[in-house]
Structure formats: C-alpha cells, structure tokens
Amino acid sequence: MTEEYEEGLYRENIIDHYKNARNFGELKDYDIKTKELNLTCGDQIQLTIKLKDDKVSDVKFEGAGCAVSIASASMLTEKIKGMNIKQLKELNEKDIYAMLGIKLGTARVNCALLSLNTLKKGLKEAKL
Ligand code: ZN
C-alpha cells in the first residue's frame, strides 16, 4: 500500500466515526463523569464510565466539535472498553495518534487529544 492510500483509509475511518459516532450518549449509572473543553477549536467532550472491579465495563461520550475531536472520542471509547485502571493511566498521546493514523497539523493536535485529556481528568477527579 502506498502511504497516500493508507492515509486515505484513515481519513475515511475518521469521517465514519464522526458521522456514526460509537458509544454516543450518557450512562445513567456511572463511576466517572467529566467534561473537558478545547478552547482553541470550541470542541467539548463529556465522558461517562462504568467500572466493574477495576475494568471499564461501559463507556459513553457526548460532545460537539470538529471531526477530529469527535472521531477521537468515538475511537477511544471503543479502545478503552475492558481496560483496567492501570492501562487507562498508561494511555498517552502516541496511542491517540496511532489510533487516528493521520499526520495532524499543530492546530489539530488539541482536537485529537481532547478525548484523552477528558479521560485523564476523569481519573483524577475520581481519585483513581
Ligand atoms: Zn477541533
């Protein structure tokens, strides 16, 4: 596969997650609920997470923003289901970039990382 072709597939995947966001909504029964904003773009994401033992048993997000921020949140909710607290804490920027798979301009980095920042904020607030 050429790099261009591969990047095209990733772009299509981002658009798909943006238009058909996975795990969209709000959990009624949750252990973590938090919201974070990306002021540079006007994106906002809310995460609700239900834990069972120390693993994510369910997660939903709500939000509004650009395609990159929504797709990143949608993909992250799929990724973290079943993860334990330690794994959640180990998630970093590289995981998000790998998940999105496209080169991001500096203006888009904050959009891409909003989902991760929201998750980290939630873990902190819940004192996990
Ligand atoms: Zn954005």
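Me: Leaving aside its neighbours within four places in sequence, which residues is Leu119 in contact with?

Reply: This is a predicted model, where local features need pLDDT of at least 70, side-chain atom pairs count only at pLDDT 80 or more, and totals for chains, interfaces and linings use all residues. Residues are numbered from 1 along each chain as its sequence is written, and side-chain values use heavy atoms, without hydrogens and water. Taking contact as heavy atoms within 4.5 Å, the partners of Leu119 beyond four places in sequence are Leu47, Ile49, Leu76, Ile80, Leu88 and Leu91.

Me: How many residues does the largest nonpolar core have?

Reply: Such a core is a set of buried Ala, Val, Leu, Ile, Met, Phe, Trp, Tyr and Cys residues joined through side-chain atoms within 4.5 Å, with buried meaning under 20% relative accessible area (1.4 Å probe, protein chains only). Those with the most contacts inside it are Ile49, Ile80, Leu88, Leu91, Ile96 and Leu119, and the core's residue count is 32. Elements giving two or more residues to this core include β2 (43-52), α2 (67-80) and α5 (106-125).

Me: In what order do the three strands form their open sheet?

Reply: Strands are DSSP E runs of at least two residues and helices are H or I runs of at least four, numbered from the N terminus; two strands pair if DSSP finds at least two bridges between them. The edge strands β1 (32-38) and β3 each pair on one side only. The pairing is antiparallel, and the order is β1-β2-β3.

Me: At about what angle does α2 run to β3?

Reply: Axes are lines fitted to C-alpha atoms, for helices over the stretch in contact, and angles between N-to-C directions run from 0 to 180 degrees. α2 lies across β2 and β3, and its angle to β3 is about 170 degrees.

Me: What arrangement do the four donor atoms make around the zinc ion?

Reply: Donors are N, O and S atoms within 2.8 Å of the metal (3.2 Å for Na, K and Ca), and water is not among the atoms, so sites may look incomplete. Here the protein donors are Cys41 (SG), Asp43 (OD), Cys66 (SG) and Cys111 (SG), at 2.1 to 2.3 Å. Four donors count as tetrahedral if all angles lie between 85 and 135 degrees. The angles here are 99 to 120 degrees, so the arrangement is tetrahedral.

Me: How many residues apart in sequence are the parts that Asp43 and Cys66 tie together?

Reply: Both residues, Asp43 and Cys66, are buried. Asp43 belongs to strand β2 and Cys66 to the loop between β3 and α2, so the parts they tie together have a sequence separation of 23 residues.

How values were computed
Buried means under 20% relative accessible area, exposed over 50%, partly exposed in between (1.4 Å probe, protein chains only). Four donors count as tetrahedral if all angles lie between 85 and 135 degrees; four count as square planar and six as octahedral if opposite donors are over 155 degrees apart and all others between 65 and 115; anything else is irregular.
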